[in-house]
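Colleague: I'm new to this one and would like a close look at a single part, the place where the two chains meet. Could you walk me through it?

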Amino acid sequence: MIGSITDIELDEIITKYRPIITFKVKKSIGGQTPDWEDIANEIITNVIDKVKSGEFRGESSIGTYIFTITKRRIIDHIRGKSKILRHAPEVDPFPQPHVYFENKEKAETLANAIESLKPKYKEILYLYYYKDLSREEVAQKLGIPPNRVSERVNYAQKLLKKILKP
Amino acid sequence: MKKCNNESKIDDYLLNRMSEDERESFEIHYFTCPVCFKKIVERNELISVIKDKGSIIFKDIQEPRQERKPSIFESITALISPKQWAVAAVSAALILVIAIGFAPNLKKQSPQFFINDDLVRGESITLISPVININSVPDQFTWKSSGKDVEYKIYIYNSHPLWTTTTKNTSITLPEAVQAKMVPGEKYSWQVKSFSPEGTLIAVSRKVQFQITN
């Protein structure tokens, strides 16, 4: 309930949702667009205002409420840019790593870790992510069932986490 | 880390392989699911690096040229999840441990004995008498038969070999000269080996110790 959300709780909400909002904004309008930071900040300010003013009545979860505010702001941004809105915003083509990696070294370390994987795992990451093949296409190329593709990708990521563990 | 049923949608979302409705529904989900959001971020980092640095990372990769269908074995094994494989492996290990644990009780184990330094497996000869401490010098040594036409070789020791002989019977009478060498209070041991008519060692008894207590 609105009245029961204290400033401390609001801080916790913002701390929790800032990265989620930022991620969604970057994914929708493109992290290379300089506007993303301003838009994300506007959304957060908007959330704080609405919660403080009692506009958020707890009818939906706070997560769903913040998603709605985020989505609307992104649509407004795209509408402002294109003046035409036929559909919801088109997703951005895959952005460059520096958009998601604040630390370039981290990206470099991850790249090295991928390079050190066994051929079996490197091959699947290459086909599935780099060559952008579908699960079925990868499965056919490697002669494995499609559900094994996701399993192998997940395991590759597990191995990477193990390698990168400090 | 906790699991979420929607995790399987992460790749399709990040690779833009979802319809508009599916995408929105998944976005609402990850706004309320910290487990999925954490995994989205991790996977997104992985994909971003691959997209950007793939030409360097995969410079040595030779793309599989021939497409092939999964074998029947691979198709069958794919029906079983890694978790189920793990359970099956643990069960198999348990069965093996139980089987090994009970096996000696089910079948009498074949004895092992050595000739020089060579390990030999064979049947065992059961010694009958003497096998416990006795109060006088024994004059007869008895054991169970280990087959027809078998020749037995008997060895009697104190700290060193004391006497040895061969017989086709399952007992021997100790010569008085040997009995005279055996004194009360001393510990002795004896052993029997059996040989086939061709001279092949076929069975060995345990080395049994006894003491003349008188």
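To start with one residue: in which loop of chain A does A:Asp132 lie?

Modeller: Keep in mind that this is a predicted model. A:Asp132 sits in the loop between α6 (119-130) and α7 (135-142) of chain A. Most residues other than glycine have a negative phi. A:Asp132 also reaches over to the other chain, forming a salt bridge with B:Lys51 in which the closest N and O atoms are 3.8 Å apart. The cut-off for calling such a pair a salt bridge is 4 Å.

That pair belongs to a bigger set. The rule finds nine salt bridges across the interface of chain B and chain A, while a search of the whole structure, over all chains, gives 17. Another salt bridge to look at is the one between the side chains of A:Lys24 and B:Glu27, at 2.9 Å from N to O. A:Lys24 lies in helix α1 (residues 7-29) of chain A and B:Glu27 in helix α2 of chain B, so this pair joins two chains.

Now step back to the whole interface. Here 52 residues of chain B are in contact with 59 residues of chain A. Between them the two chains bury about 5,200 Å², and 58% of that is on carbon and sulfur atoms. There are also 17 residue pairs in polar contact across the interface, counting pairs with both residues at pLDDT 80 or more.

Which pieces of chain B do the touching? The elements that give two or more residues to that side are α1 (10-14), α2 (20-32), α3 (34-57), α4 (72-78) and α5 (82-106) of chain B. Of these, α3(B) gives the most, with 18 residues. Sorted by class, the side of chain B that touches chain A has 22 nonpolar, 11 polar and 19 charged residues.

B:Val90, B:Leu94, B:Ile98 and B:Phe102 form a nonpolar patch on the surface, with about 400 Å² of accessible area together; B:Val90 is placed in helix α5 of chain B. Then go to the loop between β4 (127-129) and β5 (140-143) of chain B, where you'll find B:Pro130. The peptide bond from B:Ser129 to B:Pro130 is cis, with omega near -5 degrees. Most peptide bonds are trans.

Conventions. Residues numbered from 1 in each chain as written. Chains lettered and ligands numbered in written order. Predicted model: local features only at pLDDT ≥ 70, side-chain atom pairs only at ≥ 80, totals over all residues. Heavy atoms only, no water. Contact = heavy atoms within 4.5 Å. Buried area = accessible area lost by both parts, 1.4 Å probe. Polar contact = N/O pair within 3.5 Å; in protein donor to acceptor, adjacent residues only side chain to side chain. Helix = DSSP H or I, 4+ residues; strand = E, 2+ residues; numbered from the N terminus. Nonpolar A, V, L, I, M, F, W, Y, C, P; charged D, E, K, R; others polar. Patch = residues over 30% accessible without salt bridge, like charges linked within 9 Å, V, L, I, M, F, W, Y side chains within 5 Å. Areas by Shrake-Rupley, 256 points an atom, 1.4 Å probe, with all protein chains shown as cover.
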